[in-house]
Amino acid sequence: TVQDNRQLFEGWGLSGHLRQALGGGMKLEAITAWRGYRSLWGADDDLAPQAAGSGGNHRLEHDFVSQELRLNGRAGERVDWTVGGFVSRQKTTYYTLQDIRYVVPGSALQFVGDDTVDAGSEAVYATGIFKATPSVNVTAGLRYTSDFKDYTFTRRNLDGTINAYLDPVGAANGSG
């Protein structure tokens, strides 16, 4: 728990690039990467001299992985081509414990948030380069990409129940 406006951060990453020559002048490349970080910080939300009871604790966690596979080749002396695909996935979680009852004294403005973001991308592509003359190239390419992102926003009481002050409709219906 950090409550004194400090931030703790830990980040890391790993990547690899594999190249393999194939017959007929073709080359296969695979590029993989993984990145992640964790961060903790506290906040004195009301800027009072005493942080207890007037702030929040936060944690942000993020993981990202990607993979690309690419095949390069040549058709005769005048055409170079590339085909490939790419995929990535990431997950981010933002956890917060907030006590901001000072905003409305006597209210239930104490809550836990545990928001998640799941996102990703998938793509396929092709590129051709035609050497029209020694000084003129014509390049054409196609790419199809599909992206997604899902954000889940939650604010609950410290015991895990729905906070009726922040979500009166969810509390009345039994789901936030």
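## Exercises on a predicted protein model

The protein holds 1 helix and 6 strands. The model is predicted.

**Exercise 1.** Work out in which order the elements run from the N terminus on.

*Solution.* Start at the N terminus and follow the chain. The order of the elements is β-β-β-β-β-β-α. The count to check against this order is 6 strands and 1 helix.

**Exercise 2.** Decide whether Gly 73 is buried or exposed, and find what it touches.

*Solution.* Step one is to locate the residue: Gly 73 lies in strand β3, which covers residues 55-75. Step two is its relative accessible area, which is 10%. Buried means under 20%, so Gly 73 is buried. Step three is to list its contacts, leaving out residues up to four places away in sequence: Gly 73 touches Gly 25, Met 26, Val 79, Asp 80 and Trp 81. Step four compares sequence with space. Gly 24 and Gly 73 are 49 residues apart in sequence, and their C-alpha atoms are 7.9 Å apart.

**Exercise 3.** Find which side chains make polar contacts with the side chain of Gln 98.

*Solution.* First place the residue: Gln 98 belongs to strand β4, residues 79-99. Its relative accessible area is 8%. The cut-off for buried is under 20%, therefore Gln 98 is buried. Next look at the side chain. Gln 98 makes a polar contact of 3.3 Å with the side chain of His 58. Another polar contact, of 2.8 Å, joins Gln 98 to the side chain of Thr 96.

**Exercise 4.** State what percentage of the residues in the protein is buried.

*Solution.* The protein has 176 residues, and 27% of them are buried. Gly 73 is one of the buried residues.

Technical notes
Residues are numbered from 1 along each chain as its sequence is written. This is a predicted model: local features need pLDDT of at least 70, side-chain atom pairs count only at pLDDT 80 or more; totals for chains, interfaces and linings use all residues. Side-chain values use heavy atoms; hydrogens and water are left out. Helices (H or I, at least four residues) and strands (E, at least two) are DSSP runs, numbered from the N terminus. Buried means under 20% relative accessible area, exposed over 50%, partly exposed in between (1.4 Å probe, protein chains only). Contact means heavy atoms within 4.5 Å. A polar contact is a pair of N or O atoms within 3.5 Å; within protein, one must be able to donate a hydrogen and the other to accept it, and residues adjacent in sequence count only if both atoms are side-chain atoms.
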